[in-house]
Amino acid sequence: MTRRYTSSRIAVVVSFLVLFPPTAQSDEADQQMGVAREMVRVLEAYAVYKMGQYDLAFERYQALAEAGSQQGMYNLANMYAAGQGVEQSDDKAFEWYLKAAEAGDRLSMAEVARAYAGGIGTEPDPARADYWQAKVADGP
């Protein structure tokens, strides 16, 4: 039997861990708690996005992006690209895709390659497009 985990179930579990952390924590546990907190914030931003509250979702993704979250950067770039919750801007979308790509986000690497190939939000640069496409193809 296959068990399905919905985002709401995951959010409940992660929220519980954030609210009631173990009392004795090592550096690794502290790091895991930071990841869990970021996951909760990403899920909250995604929930308001899916409800069509783009202004609020944009604010949440922006806060995540500015705090260094790759997922926040990628989703913020997507919102700039689509003009959801913010004025559409290929330049700003490219800026955030590039930051996320440089931080290691593979989806953003593909977007950066596409942007350089087509001159979307940046000057066309086939060599840079090839570089980023190769990084995507190299795998994890």
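This is a predicted model: local features need pLDDT of at least 70, side-chain atom pairs count only at pLDDT 80 or more; totals for chains, interfaces and linings use all residues.
At what angle do helix 5 and helix 6 pack, and how far apart are their axes?

1. Helix 5 (residues 90–102) and helix 6 (residues 106–118) pack at about 135°, and their axes lie 8 Å apart. Axes are lines fitted to C-alpha atoms over the stretch in contact, with angles taken from 0 to 180 degrees between N-to-C directions.

2. Residues are numbered from 1 along each chain as its sequence is written, and side-chain values use heavy atoms, without hydrogens or water.

3. Helix 5 contributes Phe-94, Tyr-97, Leu-98, Ala-100 and Ala-101 to the contact, and helix 6 contributes Ser-108, Met-109, Glu-111, Val-112, Ala-115 and Tyr-116. Contact means heavy atoms within 4.5 Å. Nine of these residues are nonpolar, one is polar and one is charged; Ala, Val, Leu, Ile, Met, Phe, Trp, Tyr, Cys and Pro count as nonpolar, Asp, Glu, Lys and Arg as charged, and the others as polar.

4. The protein chain has seven helices and zero strands. Helices are DSSP runs (H or I) of at least four residues, strands (E) of at least two, numbered from the N terminus.

5. Of the 140 residues in the protein chain, 30% are buried, meaning under 20% relative accessible area with a 1.4 Å probe. Among contacts between residues at least 6 apart in sequence, 38% join residues at least 24 apart.

How values were computed:
Buried means under 20% relative accessible area, exposed over 50%, partly exposed in between (1.4 Å probe, protein chains only).
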